[in-house]
Amino acid sequence: AGVVGSVGSVFGFFTAAFLTLVLSFLMLIEAPRVLKFIWGAYSDHDRMEYHKKLASRMYNVVTGYVTGQLTVSAIDGFFAGVTVFILSWIFNIPHNLALPAAVICFLLSMIPMFGATIAGVIVTILLAFNDVSAALVFGVYFVIYQQIENNFISPTVQSKTVELSALAVLASVTIGLYLFGIVGGIISIPIAGCVKVLVEDYLERKKHHHAKQELVEKA
C-alpha cells in the first residue's frame, strides 16, 4: 500500500506539473485575445487607459516575483555546487558531483517553501553513497544555509523585485502558510504585491481628490 501510494503521489505530482505547463502555455497564447476582448468592452476610453496602467503595474509585480524566485534559486544552486566541490577535495567523493548538485538545487528550489528541502535531501543522499562524512557536513551546511536564505536572502531579494519590505514578505508568507498551507505560501508574495499596488493607487486617487476639493473651495 505504501509503495502504491508513493507511486501515485509521484504520478500526481508530474501530472499536475504537466497540466500547469500546458495551461501556462495556452494562457500565454490566448492572453492577447482575452485582453483585447476585455479592453474592447470599455465605453470610457480614459477609464480603460487607467485600468490598463493599473493592470500593468500588477503584472510587473508578478513577473518581479518570478524573477526574484529565479535569483534565489540561482544563489542556492551556486553555493551548493561550490560546497560539494570543496568537499570533493576533502572527502572521498568525485569532483563531478558538484554540477549535478548545483542543477538539482537550482531546479527544485524554484518550488517555493519545500523545493529547497527536497533538493538538499537528494544531494545529501547522493553524497552518502560515496562518503557518509561528506554527507553529514553537507547536511550541516544545508541547514545553516536554509536559515540564512529563509530569513535574509529570500526576503531581501523579493523585497527588491516585488518592491515590498522584507518584513512584509515574511509576514505575507507566514499568513499565507497559516491560512492556506503550501498553496498560500506560494501565492502570498505576489498577492501582497498586488494589494500594495491597489492600496497605493487608492491613496493617490484620494490625495488627488482632496487636492481638487481644496482648489474648488479656494476658488
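Trainee: Let me start with two helices: are H3 and H4 roughly parallel or roughly antiparallel to each other?
Mentor: H3 and H4 are roughly antiparallel to each other. Angles under 35 degrees count as roughly parallel, over 145 as roughly antiparallel, 65 to 115 as roughly perpendicular, and the rest as oblique.

Trainee: What should I know about the model before we go on?
Mentor: This is a predicted model, where local features need pLDDT of at least 70 and side-chain atom pairs count only at pLDDT 80 or more, while totals for chains, interfaces and linings use all residues. Residues are numbered from 1 along each chain as its sequence is written, and side-chain values use heavy atoms, with hydrogens and water left out.

Trainee: Okay, how many helices and strands does the protein have?
Mentor: There are six helices and zero strands, so the elements run α-α-α-α-α-α from the N terminus on. Both kinds of element are DSSP runs numbered from the N terminus: helices are H or I with at least four residues, strands are E with at least two.

Trainee: Back to H3 and H4. At what angle do their axes cross?
Mentor: The axes of H3 and H4 (residues 115–130) cross at roughly 160° and come within 8 Å. Axes are lines fitted to C-alpha atoms, for helices over the stretch in contact, and angles run from 0 to 180 degrees between N-to-C directions.

Trainee: Is that crossing left-handed or right-handed?
Mentor: The crossing of H3 and H4 is right-handed. A crossing is right-handed if the near helix is turned clockwise from the far one by less than a right angle, and left-handed if anticlockwise.

Trainee: Which residues make the contact?
Mentor: H3 brings Ala101, Ile104, Cys105 and Leu108, and H4 brings Gly115, Ala116, Ile118, Ala119, Ile122, Val123 and Leu126. Contact means heavy atoms within 4.5 Å. By class, the contact of H3 with H4 has 10 nonpolar, one polar and no charged residues. Here Ala, Val, Leu, Ile, Met, Phe, Trp, Tyr, Cys and Pro count as nonpolar, Asp, Glu, Lys and Arg as charged, and the others, Gly among them, as polar.

Trainee: Buried or exposed?
Mentor: Ser109 is buried, with a relative accessible area of 5%. Buried means under 20% relative accessible area, exposed over 50%, and partly exposed in between (1.4 Å probe, protein chains only).

Trainee: What does Ser109 touch?
Mentor: Leaving aside neighbours within four places in sequence, Ser109 is in contact with Gln69, Ser73, Asp76, Ile104, Gly115 and Ala116. With Ser73, the side chains are joined by a polar contact of 3.2 Å. A polar atom of the Ser109 side chain also lies 3.2 Å from the backbone oxygen of Phe106. A polar contact is a pair of N or O atoms within 3.5 Å; within protein, one must be able to donate a hydrogen and the other to accept it, and residues adjacent in sequence count only if both atoms are side-chain atoms.

Trainee: New topic: how do the axes of H2 and H3 cross?
Mentor: The axes of H2 (residues 45–90) and H3 (residues 98–108) cross at roughly 155° and come within 7 Å. That makes H2 roughly antiparallel to H3. This crossing is right-handed. H2 contributes Leu70, Ser73, Ala74, Asp76, Gly77, Ala80, Gly81, Val84 and Phe85, and H3 contributes Ala98, Ala101, Ala102, Cys105 and Phe106. The residues of this contact divide into 10 nonpolar, three polar and one charged.
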